[in-house]
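Student: Can you walk me through this model? I'd like to start with the strands.

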Amino acid sequence: MTHLKQLQTAGLFDTNAPRYTSYPPANHFGTGIGTARQAEWLAAVPDGAQVSLYLHIPFCKRLCWFCACRTQGTKTMRPVDAYVDTLLIEIDRQRALLPADVSLSRLHLGGGTPTILTPDIMARLLDRVFDRFARGAGFEFSVEIDPTEASAALLDTLIAYGMNRASIGVQDFDPKVQNAIGRQQSFAQTHATVAHLRAANLRSLNMDLLYGLPHQTGPGLTASLEQVMALQPDRLALYGYAHVPWMSKRQLMIDSAALPSPQARFQLAEQAREMLMLDGFVPIGIDHFARPDDGLSIALANGQLRRNFQGYTDDTAEVLIGMGASAISKFPQGYSQNYPSTAQYTSAIGAGDLAADKGHVLTQTDLWVARAIEQLMCRFEINTIDLRAQFPAEACAIARTLSNVAASFPQALHYREGILTLDPMFEPLVRIIAGKLDLFKSEKTAHSAAI
Ligand SMILES: C[S@@+](CC[C@H](N)C(=O)[O-])C[C@H]1O[C@@H](n2cnc3c(N)ncnc32)[C@H](O)[C@@H]1O
Ligand code: SF4
């Protein structure tokens, strides 16, 4: 059997699977994790701990058809201004519950489009963050940037407040693909944003690209990648386009007949991966690439790479606090997610409370499965000795479950000195294999294609 046939037989081309940016995936969060539990978890953060902060800005001036992010369109700044006022209250309210001497490991502004904020509104937001939270050792501040919606004045404001990582959305530079996904963005616009940031000595630049888009071809993707490499990013995220129109209604605007077949998608991913590796990028997990001296490559080499809601991270903080509509917080005890709609979020904060809606309390079983899946997604292996030592009460369940999973993929998974290793040829199956450990059974339609 050829390699492709083996991947096909294992379900690569007809399986939907979670991306496991969390375990359990967010669609399994249930009600019953109210604000009382969120407050309890905030208060339980140890004195002197470093925590990370994610602020969600759910607004965009344009609504790209392909986008599955939680966002809403606006033509004016009025709702954005009002939303930031609510965010300021939430910052105060969550901060008041934390120990006095926590400090920030990371601050990430995501969306939507954080760069939609005017310099004044951004300064108001960042003044509040840095007034309430001290920057910890090794602090990093990153922002998602849409080059078509990021004024030079706003970029200067972000730099002045210490932004040292920027993530720029590109997706694809081919005009035919851009028209098919409802997102126009010229190379010149993107270049101008990059040049501005580099001139201000921005240290680290990431770019987001997608494979599997309508009308995307091998030569077209090569041309886009060449343009991207000319911009000299330090990191790249190369995500498989998640076509989930039943969840993201805007995607109904996309002609599904123009999407590449699952096999063609796989070829596009492989081709891009080869090209980036030839250029010296280190592959990081399923969909990231980084220069060898980048923090992600270093974390991979020293075993500290982690998976989080942004994909991969070298952040070692145990607590991630999400603020804003739909934002998710991660604590050692579990997850809590704010109300997804801006109206519900605003009224929860307006009523004088926190805004947690759903979430999940992690059991001991969840904790070891989460750790095993994270190891697989980061390193394509599971260290069964470490796992059993870390969760001694679960040792029998761990041994039984992993040996069943290994038996289901005899060609792909091998035990070597207590480490269950995924053969590099079979790495594309990693989300499907992780799914075998997943105790929360998913509807097929709840997730995107496994490749
Ligand atoms: C919040 S968005 C982008 C930030 C900014 N608004 C922009 O447009 O540049 C973050 C990233 O999510 C990714 N993304 C959005 N929708 C996606 C989808 N349907 N499938 C895969 N990735 C997607 C894109 O790569 C995008 O750059
Ligand atoms: S890709 Fe960016 S600009 Fe486009 S809709 Fe999504 S968040 Fe908004």
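Tutor: A definition to begin with: two strands pair if DSSP finds at least two bridges between them. Strands (E, at least two residues) and helices (H or I, at least four) are DSSP runs, numbered from the N terminus. This is a predicted model, in which local features need pLDDT of at least 70, side-chain atom pairs count only at pLDDT 80 or more, and totals for chains, interfaces and linings use all residues. Residues are numbered from 1 along each chain as its sequence is written, chains are lettered from A and ligands numbered from 1 in the order written, and side-chain values use heavy atoms, with hydrogens and water left out.

Student: OK. In which sense do S1 and S4 pair?

Tutor: Parallel. Strand S1 (residues 50-57) and S4 share eight bridges. Leu55 has Leu109 in S4 as its bridge partner.

Student: What joins S4 to S5?

Tutor: Six bridges, and S4 and strand S5 (residues 134-145) run parallel. His108 sits opposite Ser142 of S5.

Student: Why call S4 largely enclosed?

Tutor: Nine of the nine residues of S4 (residues 103-111) are buried, so the rest of the structure largely encloses it. Buried means under 20% relative accessible area (1.4 Å probe, protein chains only).

Student: Now the core. Which residues touch the most other members?

Tutor: Leu107 and Phe141, in the largest nonpolar core, which has 120 residues. Helix H12 (residues 364-379) gives the largest share of this core, eight residues. A nonpolar core is a set of buried Ala, Val, Leu, Ile, Met, Phe, Trp, Tyr and Cys residues joined through side-chain atoms within 4.5 Å.

Student: What does Leu107 touch?

Tutor: Its contacts (heavy atoms within 4.5 Å) include Leu53, Leu126, Phe130 and Phe141, with residues up to four places away in sequence not counted. There is also a second, separate core of eleven residues, Leu213 and Ile254 among them.

Student: Switching to Arg165. Buried or exposed?

Tutor: Buried, at 9% relative accessible area. Arg165 is in strand S6 (residues 165-171). Beyond its neighbours within four places in sequence, Arg165 contacts residues including Glu140, Arg235 and Asp294.

Student: And where is Tyr241?

Tutor: In the loop between strand S8 (235-240) and helix H9 (262-278). Tyr241 is buried too, at 2% relative accessibility. Leaving out neighbours within four places in sequence, its contacts include Phe66, Leu213, Ile254 and Arg265.

Student: Last one: which residues are around ligand 2?

Tutor: Among them are Cys60, Cys64, Cys67, Asp146 and Arg250. A residue counts if one of its heavy atoms lies within 4 Å.

Key
Buried means under 20% relative accessible area, exposed over 50%, partly exposed in between (1.4 Å probe, protein chains only).
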